[in-house]
Amino acid sequence: MRRLEGKVAFVTGAARGQGRSHAVRLAEEGAAVIAMDICAQIPTVFYPMATEEDLAETERLVKEVGGQIVSSIGDVRNYEDVQRAYDAGIEQFGFVDILVPNAGIMPVLNRGAERQAWHDAIDSMLTGVWHVLDVAVPGMIERGAGGSISITSSAAGFTSIGLNTFPGSAGYTAAKHGVVGLMRLYSKQLAKHMIRVNTVHPTGVDTPMVVNEVYGDFVNSNPEVANDDAYKNPMPVDLLDPVDISNAIVFLASDEGRYITGVPFPVDAGYKNR
């Protein structure tokens with residue numbers, strides 16, 4: 001029997017990258033998937049963001065492995081969008097067992113004048129996470145069947161990106177630390193309901209957020225970023241595969257992780273221990 005047979009997962013930022021990988025791996029293990037992504041460009045983000053075609057490809061891949069999926073286009077910064085995506089999933093599947101608030105952006109190359117990058121980072125990766133929790137947790141409690149919440153943080157949630165102090169970079173680091181506080185609050189409050197809450201902290205992952213022309217040009221123009229040991233993983237790997245993070249999400253959502261809660265869970269090739 002697959003590890004998540006009969007469960008339902010709500011994944012944000014599901015159109016590509018880590019979110020797509022999470023949706024597919026959860027489906028491979030038997031979970032139905034409620035997928036949400038903005039599928040639009042946020043002006044302060046320097047790389048091309050996901051599209052409707054990307055979300056359609058996630059749907060195709062989930063179905064290809066035998067999974068069920070309901071997808072919605074929406075912005076986690078907007079509470080009503082999160083509610084609509086959740087309601088669409090509930091209408092189809094009836095309940096949610098697994099939350100993966102994963103939607104994220106990396107507007108870290110915007111200079112001082114672009115203060116909006118701070119707000120976009122905080123609103124997407126901290127307020128957006130809270131929106132998902134506020135919408136979905138009451139139904140999980142009411143159902144009384146426990147569950148798992150795995151919030152995407154980052155290795156920057158332990159330290160910082162350290163590239164610069166531009167507004168987006170500061171906002172990214174603040175948000176990735178902030179969700180750890182949310183996790184600790186919710187893990188204490190939800191333990192009596194057998195709902196586990198953890199954060200997952202990847203190092204760099206091979207996704208379009210990192211592997212893109214603009215960021216590549218930035219690294220090439222600033223060789224100290226590529227050459228400084230402060231940015232390198234102790235294990236000899238530059239970037240993880242998205243599935244490496246997805247496997248941790250599956251583990252935490254499965255019965256194998258049934259007593260793991262309140263944990264900042266690193267999947268970082270030793271980055272935290274540099």
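What follows is a walk through the fold, from the whole chain down to helix contacts.

Please keep in mind that this is a predicted model. The chain has 8 helices and 7 strands.

In what order do the strands lie in it? The order is S3-S2-S1-S4-S5-S6-S7, the sheet is open, and the pairing is parallel. At the edges you find strand S3, residues 69-73, and strand S7, residues 264-267, and each of these pairs on one side only. On average, neighbouring strands in this sheet are turned by 15 degrees against each other, with direction ignored.

Strand S5 covers residues 147-152 and strand S6 covers residues 195-202; they run parallel, and 6 bridges join them. To find one of these on your screen, go to Thr-152, whose bridge partner in S6 is Val-200.

Helix H8, residues 242-253, touches strand S4 (98-100), S5, S6 and S7. The direction of H8 makes about 165 degrees with that of S6.

Both of these helices also have contacts with helix H1, residues 17-28. How do H1 and H2 pack? Their axes are 9 Å apart, at an angle of about 20 degrees. Angles under 35 degrees count as roughly parallel, so H1 is roughly parallel to H2. H1 passes H2 in a right-handed crossing. On the H1 side, the residues are Arg-20, Ala-23, Val-24 and Ala-27, and they meet Asp-54, Glu-57, Thr-58, Leu-61 and Val-62 in H2. Sorted by class, this contact has 5 nonpolar, 1 polar and 3 charged residues.

With H8, the angle of H1 is about 50 degrees and the axes are 8 Å apart. That makes H1 oblique to H8. The crossing of H1 with H8 is right-handed. H1 contributes Gly-17, Gln-18, Ser-21, His-22, Arg-25 and Leu-26. From H8, the contact residues include Pro-242, Ile-245, Ile-249 and Val-250. The classes here are 6 nonpolar, 6 polar and 1 charged.

The last pair is helix H4, residues 116-143, and helix H5, residues 167-190. Their axes come within 6 Å and cross at roughly 20 degrees. So H4 is roughly parallel to H5. H4 passes H5 in a right-handed crossing. Which classes of residue make up this contact? The residues divide into 20 nonpolar, 3 polar and 1 charged.

H1 packs with H2 and with H8. That is the end of the tour.

Notes:
Residues numbered from 1 in each chain as written. Predicted model: local features only at pLDDT ≥ 70, side-chain atom pairs only at ≥ 80, totals over all residues. Heavy atoms only, no water. Pairing = 2+ DSSP bridges. Helix = DSSP H or I, 4+ residues; strand = E, 2+ residues; numbered from the N terminus. Axes fitted to C-alpha atoms, helices over the stretch in contact; angles between N-to-C directions. Contact = heavy atoms within 4.5 Å. Parallel < 35°, antiparallel > 145°, perpendicular 65-115°, else oblique. Left-handed = near helix turned anticlockwise from the far one by under 90°. Nonpolar A, V, L, I, M, F, W, Y, C, P; charged D, E, K, R; others polar.
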